[in-house]
Amino acid sequence: MKSLLRTFLAAALTLSVASGAFAAAASSKLVVAFLPKSKGNAYFISCKAGAEKAAKELGVELLFDGPTDSNAAKQNEIVENWITLGVDVIAVAAENKEGISTALRKAQRAGIKVVTYDADAMPDARSFFVNQATPEGIGHALMDDAARLLNGEGDFAMIVATLTAANQREWQKHIEARLKEKYPKMKLVAVRPCDDLKDKAQSEATAMMSANPNLKLIMAICSPGVPGAAEAVKQAGKTGKVKVIGLGLPNENRRYVHEGVTDTVILWNTGDLGYLTIHAGVALAKGDLKPGAKSFKAGSLGSFAVQGDNILLGKPFAFNKGNIDQFNF
Amino acid sequence: MSRYFRELSVVGALAVALIAMAVFAPAFFQPQPLLSLATREAPTLVVACGMALVIICRQIDISVGSMFSVVSVCTGILAARGWPLLLVLPIAAGLGAALGALNGALVAGLRLPSIVVTLATMVALRQGLNLVRQGEFVNMPDTVQWFGLPQATGQWVLVICALALLAALGLGLRHLAAGRFVYAVGTDAEAARLAGIRPQLVTFGVFVFIGALTGLAAMMNIVQSPQVQPLSGMGLELKVIAAVVVGGVAISGGRGNLWGAFAGLLLLACVAPALTHLRIEAYWEKAIQGAIILLAVVADGLRERRQA
Amino acid sequence: MLLLYVLIAEWLFFYFAGTTVNRRGVTVGFGTLDRQFDILRHSCEIGLLALALTPVIITAGIDLSVGSLLGLCAILFGKFWHDGGLPIPIAATLALGCGALGGALNAALITALRLPPLIVTLGTYSLFRGLAEAITRGSVTYTNFPEGFLFIGQERWLGLPAQAWLFFAVAIGVWVLVHRMTFGRSFRAIGFSPEGARYAGLPVDRHIALAYILAGLIAALAAIIYTARLGQAKADAGTGYELFAITAVVLGGTSIFGGRGSVTGTLLGVAAIAVLKSGLASLPVVMRMNAAEEMSGVLTGALLLLALTAGVLPRLWSQRRARHAAVPKTLPTS
């Protein structure tokens, strides 16, 4: 037993010495931490590409980490890790508004600048929100596009990520409100979750089509859902008869848009969103961006309007057959 | 009759469910959507066959979902690089078998409990895949989908392959010596050993087998769509274990057959589309699936009590 | 015991490799006291579930439903408080009762019908999560809990994170139950051989039922702490926690076949996983790879396999030696 202990202590000491090699010298750069809702999601990977570009231009160090599934508790743990790491700026896409805010307030108390992007936290828990499009804007854009394709009449169905995702509920609420208010002849016949799985979205869309023979359109509001629904429509031989629209990335949907299965994919430029977020965070840390600013200049992208404490990225963009090949993300 | 009572009762429940659907939602029975449903479930059936074997052998494998994802992504990348599918197919099965062999070696060679071993490989494989791929989709050329066949033909090929595999394995399990060995080991490993069977070898074999079947299933899945999502196969383990158990395979080993597992899978696979057709809100889906599993095991328990 | 060494080595490694001084001259990273408290806070819920599972696994059972039960209890707690208008303590008591009830459902199916725990709790795993989703229709999130309640999850009390005291209290309680009471002895007896325990006159069913009900109760307590830490109750609370909890228990040396196990081992297992996760997140190399979460998953899996292998190898070797030793002795007589 004693010899085991001795070996062990020797090993631990060697390890400790060796670990010095791992330890980085104190970084002289500003450190910006960038938290996505879930890091495997192609949407956030494309945000990260823009963030990296901005970090390189500004000469700051970028940390990118997040839950592998959308998980509010893990987001808090990561932010709290960053606080003890003493980063300078934290940029967050909040999975859950109230949940993350407790951790963000703690970060602010520790002197860390906080900005949010994609999905906001409570206003007192961050300095600025980089707003890519309001839930209302997204809801209206999707619903209006659906109405345009169906001439304001007919049955449609929705595919959502999970039944518990906060942003999905928010969008769905605005879609339903818009439907009630402007398109009385359209009817939402089903809402099904796909758990962010493309294969499940496909199965759900197949069942929806056979259960609702009058279905004219499927709207998928999570990014794996759009190609899933498109594949189902294509396999059912209903291309053109059942239209597909949704929120998604050009690369995942390109082939379906070209085949005429998917009509429109709505999204903002996610790379720009990441780029703008990093610029805003760094400007905030350097004192170049202060509360009350009316506009903000972000590197090569030029100037953005600031409304209250929201930095506006601009309107959502509709990708269709005509323009989708100009985008690669 | 009484020997197959359990399997027949599942078939009965399935029949009742289908008749109910015929009455309340006849639209459920349209050839094209049903073929699509069958095609979507074909890979699951293949994995369920393997799981039935493993459970009959009194083991369990909860790493199938992660293995499925890893094989899907690897073979998807090969296919995207233009490797011929005839070459990719054995690679898929081989890779699956190799992963299964790892589980098998730990369980049979070191006599570690299978639930813990496969729990560890499940987490390690899933996170390893995330680490390497960061969730990125694999886009494949059009020639991969349906093996380059027309869609309907491709769908039939997949469904028939899955059914043929089921039939072959089902009959093999019943009539081949190797099949009986699995029952023998699952019933009483020590008695099997005294009877001249090598229980560790059989156990190792079923793990390699479920790995190979999972690889095959992954291949059957990636030819259904032009893209591979690294998350595909998430939760597959629970789905197939539930199907196998509902189908009357006893978790305590040595009892059950593939036909029952097949019926169990059909029953569970119908839940989600049936809810859509009956216009029941999706919130109830998980609760209903849980209730079906509990109902099946409660029925088992009550029956055994009456016999005892 | 080996695990304790692993834990110390792990901790020392991260202490030296994961602590740095930042631009402003402040010590940051793994070595700070704040981080150590964070590790404690973040592991309370999974730690509680692991404690809940320890007696269950010692009786050769398993409970896959604890994570889902956590979600269901969190929702019910929020509902009692928000929709029912009940004061927090009463809502919490009711939620604890519901947790015990959920555990009792498992217990009833397992003992009265003699069903395998793996399958029963696989069913309730779906059922409890499904009920949580059905009750909230997926959308309702309960928030705006009073400050006094959030204190449990977010503030410090007597120098430590407040929930740590609850966690320690439960740990001591379970330790006494398993190691200092006849219950614990009977858990082990049941785990070794339920038939033997029955012939020895132990009320086997009642004791197994107790283990599952206790697991439900502790899962409900974890739900309350989870709600207080995040300030919200939502149907997806605790998804996947059961796997981490089982990993911690097994890592801690409790045999999945039952009959053997210790509460201190479980605590060490929880600590080993939590330190690994948090430590990796402060290594500069790992941070640059953006891979803390995935890497801790891979390493936890590897660690689990390693611990298991280390546990069985001596036994396998001694068996082999015994077999070889037996051969020459028998030869001359034959």
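Guide: We will look at the domains of one chain and then at the overall build of another. Keep in mind that this is a predicted model.

Visitor: Which domains does the domain assignment give for chain A?

Guide: A domain may be made of separate stretches of a chain, as you can see here: domain 1 of chain A takes in 31–132 + 270–313, and domain 2 covers 135–267. Between the centres of these two domains of chain A, taken over C-alpha atoms, there are 29 Å.

Visitor: How many residues of domain 1 of chain A are in contact with domain 2 of chain A?

Guide: On the domain 1 side of chain A there are 10 residues, and they are in contact with seven residues of domain 2. Helix α2 (residues 42–58) of chain A gives the most to that side of domain 1, with three residues.

Visitor: What does the secondary structure of chain B come to?

Guide: Chain B has 13 helices and two strands. Its radius of gyration is 19 Å, close to the 19 Å from the globule rule for 308 residues, so chain B is as compact as a globular protein of that length. Along the principal axes, the C-alpha atoms of chain B fill a box of roughly 60 × 50 × 35 Å.

Visitor: What percentage of the residues in chain B is buried?

Guide: Of the 308 residues in chain B, 57% are buried. As for contacts in chain B with a separation of 6 or more, 79% of them join residues 24 or more positions apart.

Conventions
Residues are numbered from 1 along each chain as its sequence is written. Chains are lettered from A and ligands numbered from 1 in the order in which they are written. This is a predicted model: local features need pLDDT of at least 70, side-chain atom pairs count only at pLDDT 80 or more; totals for chains, interfaces and linings use all residues. Domain bounds come from an automatic or database domain assignment. Two residues are in contact if their C-beta atoms, placed from the backbone, lie within 7 Å. Helices (H or I, at least four residues) and strands (E, at least two) are DSSP runs, numbered from the N terminus. The radius of gyration is taken over C-alpha atoms; the globule rule is 2.2 Å times the number of residues to the power 0.38. A residue is buried if 20 or more other C-beta atoms lie within 10 Å of its own, exposed if 12 or fewer, and partly exposed in between; C-beta atoms are placed from the backbone.
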